[in-house]
Amino acid sequence: MDIYEPAEDSYLLQKVVRHYAMGRILDMGTGSGIQALSAMEAPNTKEIIAVDINQDAVDRLNNEVRERKLRKIKAVHGNLFENLEGHFNVIIFNPPYLPQDKGVDDKAIYGGKKGWELSEQFFAEASQYLFPDGVILFLFSSLTSKDKIEEIIAHNLLEFEEEEKQKVSFETLYVYAVRKTALLRELEGKGLQHLHYFAKGKRSFVYTADLDKNIWIKSHFSRKEKVTVAVKVLREDSQAVGRIENEIKWLHTFMKEGIGPRLLFHGNNYLAYEFVDGVFIADWITQSTKEETRNVLLTILEQCFVMDRFNVNKEEMHHPLKHIIIDRNNHPTLIDFERCKETESPQNVTQLVEFICRMKPELQKKGFTIDVPTLRGLAQEYKETYTKDSFIDLRRQLTL
């Protein structure tokens with residue numbers, strides 16, 4: 001494997017490294033070692049770990065370190081962070097960033113099929129090795145897609161400043177100083193680790209993370225298995241002011257009734273709750289038995305009745321394809337309470353009945369008798385009275 005020798009990108013990054021070098025430094029993908037050797041010259045540098053997947057690059061730098069009797073630098077072999085421990089004040093990365101040419105494999109210059117895949121892997125792990133006030137010095141090219149790089153940075157709850165920019169022949173080079181957002185520092189301070197982007201909603205982003213057992217388990221959990229957390233963060237471009245606060249309010253209320261995921265903690269424009277690992281309801285129905293399906297539908301119906309008794313409308317129950325998750329124990333969990341609103345005419349039960357009517361073809365395949373006119377008639381009677389008796393009549397019809 002060839003060693004990447006210094007070029008325009010190396011020298012551009014070197015200028016920024018000399019300005020930022022301090023404390024414990026990680027030179028990721030060190031190559032020729034130019035960045036590690038430059039960082040060594042800074043008076044506030046204490047230690048430099050230089051990593052490369054190319055054993056020849058590691059051996060060459062270690063030989064130079066021995067010959068010059070440099071005490072601050074150590075080169076280690078590894079793929080990204082696999083052999084590293086601890087945290088760093090500065091992480092330097094000049095990744096291979098070219099989109100891969102078909103049939104050619106050169107890890108020194110290609111960053112993946114589209115050029116940004118290796119950078120995506122790097123940013124998915126980098127925060128775990130960066131001190132809260134640390135900085136990542138990251139170089140990339142316009143050939144990699146500037147928009148995609150900035151999306152990757154944002155999806156990892158990081159923020160950036162452009163430190164240098166240089167036009168060279170057919171590309172533009174950029175050096176970004178990347179730091180943890182205030183939100184990321186707050187979440188990590190509460191014990192969350194390995195945060196990863198999970199999904200984009202209409203009004204929020206959802207991340208998953210592992211919960212640090214040393215901080216949370218003893219006081220909040222009785223079981224010992226790994227706890228995965230979902231973090232819902234309001235998107236900056238969202239106009240849904242107050243939706244996160246509204247969801248927090250109703251999760252607090254309905255958790256006591258056994259409805260919804262377990263809320264763990266929350267802050268300004270975000271909330272964190274136990275991640276529900278399972279299958280969305282429509283997909284689950286296709287692979288479940290008749291008895292399993294009946295039990296789940298009746299459980300959800302009971303939960304809808306409870307919400308009706310609170311005079312709250314959840315809003316999505318007529319089309320809850322992405323709002324009900326069934327776990328491996330066939331337990332249903334309702335998610336997404338941000339649109340809940342108080343009303344004198346709640347519709348949770350009647351909306352769920354309408355969903356069941358729409359699912360008639362799938363339910364009939366399992367042996368259910370779905371009498372749509374009768375169900376809708378009973379739902380209308382329930383809506384007129386909201387009594388326990390009218391609910392029981394409706395529930396009885398669904399047991400057929």
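Helix α10 lies across β17 and β18 and runs at about 30° to β18. Axes here are lines fitted to C-alpha atoms, for helices over the stretch in contact, and angles run from 0 to 180 degrees between N-to-C directions. Helices (H or I, at least four residues) and strands (E, at least two) are DSSP runs, numbered from the N terminus.

The model is predicted: local features need pLDDT of at least 70, side-chain atom pairs count only at pLDDT 80 or more, and totals for chains, interfaces and linings use all residues. Residues are numbered from 1 along each chain as its sequence is written, and side-chain values use heavy atoms, with hydrogens and water left out.

## The three-stranded sheet

β17 and β18 belong to an open sheet of three strands, ordered β15-β17-β18, with antiparallel pairing. Two strands pair if DSSP finds at least two bridges between them. β15 (278–280) and β18 are the edge strands, each pairing on one side only. From one strand to the next, the twist averages 35°. Three bridges join β15 to β17 (residues 324–327). In that pair, G278 stands opposite D327 of β17.

Buried means under 20% relative accessible area, exposed over 50%, and partly exposed in between (1.4 Å probe, protein chains only). T333 lies in β18 (residues 332–334). Setting aside residues up to four places away in sequence, T333 touches G260, P261, V276, H323, I324 and I325. Contact means heavy atoms within 4.5 Å.

| Helix pair | Axis separation | Angle |
|---|---|---|
| α10 (residues 290–309) and α11 | 8 Å apart | about 150° |
| α4 (residues 117–126) and α5 (residues 146–155) | within 9 Å | roughly 20° |

The angle of about 150° makes α10 roughly antiparallel to α11. Angles under 35 degrees count as roughly parallel, over 145 as roughly antiparallel, 65 to 115 as roughly perpendicular and the rest as oblique. On the α10 side, the contact uses L297, I300, L301, C304, F305, M307 and D308. On the α11 side, it uses N348, V349, L352 and I356. By class, this contact has nine nonpolar, one polar and one charged residues. Ala, Val, Leu, Ile, Met, Phe, Trp, Tyr, Cys and Pro count as nonpolar, Asp, Glu, Lys and Arg as charged, and the others, Gly among them, as polar.

α4 and α5 cross at roughly 20°, and are therefore roughly parallel to each other. Their crossing is right-handed. A crossing is right-handed if the near helix is turned clockwise from the far one by less than a right angle, and left-handed if anticlockwise. S119, E120 and F123 of α4 meet I149, I152 and I153 of α5. These residues divide into four nonpolar, one polar and one charged.

## The seven-stranded sheet

A second open sheet holds seven strands in the order β3-β2-β1-β4-β7-β9-β8, and its pairing is mixed. The twist averages 15° from one strand to the next. β8 runs antiparallel to β9 (residues 171–180), and ten bridges join them. Within that pair, E162 stands opposite Y176 of β9.

Which strands does α4 touch as it packs on the sheet? α4 touches β1 (23–28), β4 (88–93), β7 (130–141), β8 and β9. Its direction makes about 175° with that of β7.

β10 (residues 192–200) and β11 (residues 204–211) run antiparallel, joined by six bridges. Y197 stands opposite Y207 in β11.

## Two single residues

R358 lies in α11 (residues 348–358). R358 is partly exposed, at a relative accessible area of 48%. Beyond its neighbours within four places in sequence, R358 is in contact with H318 and H319. The C-alpha atoms of R358 and R68 are separated by 76 Å, and the two residues are 290 apart along the chain.

N62 lies in α3 (residues 55–68). With 18% relative accessibility, N62 counts as buried. N62 touches K74 and A75, not counting residues up to four places away in sequence.
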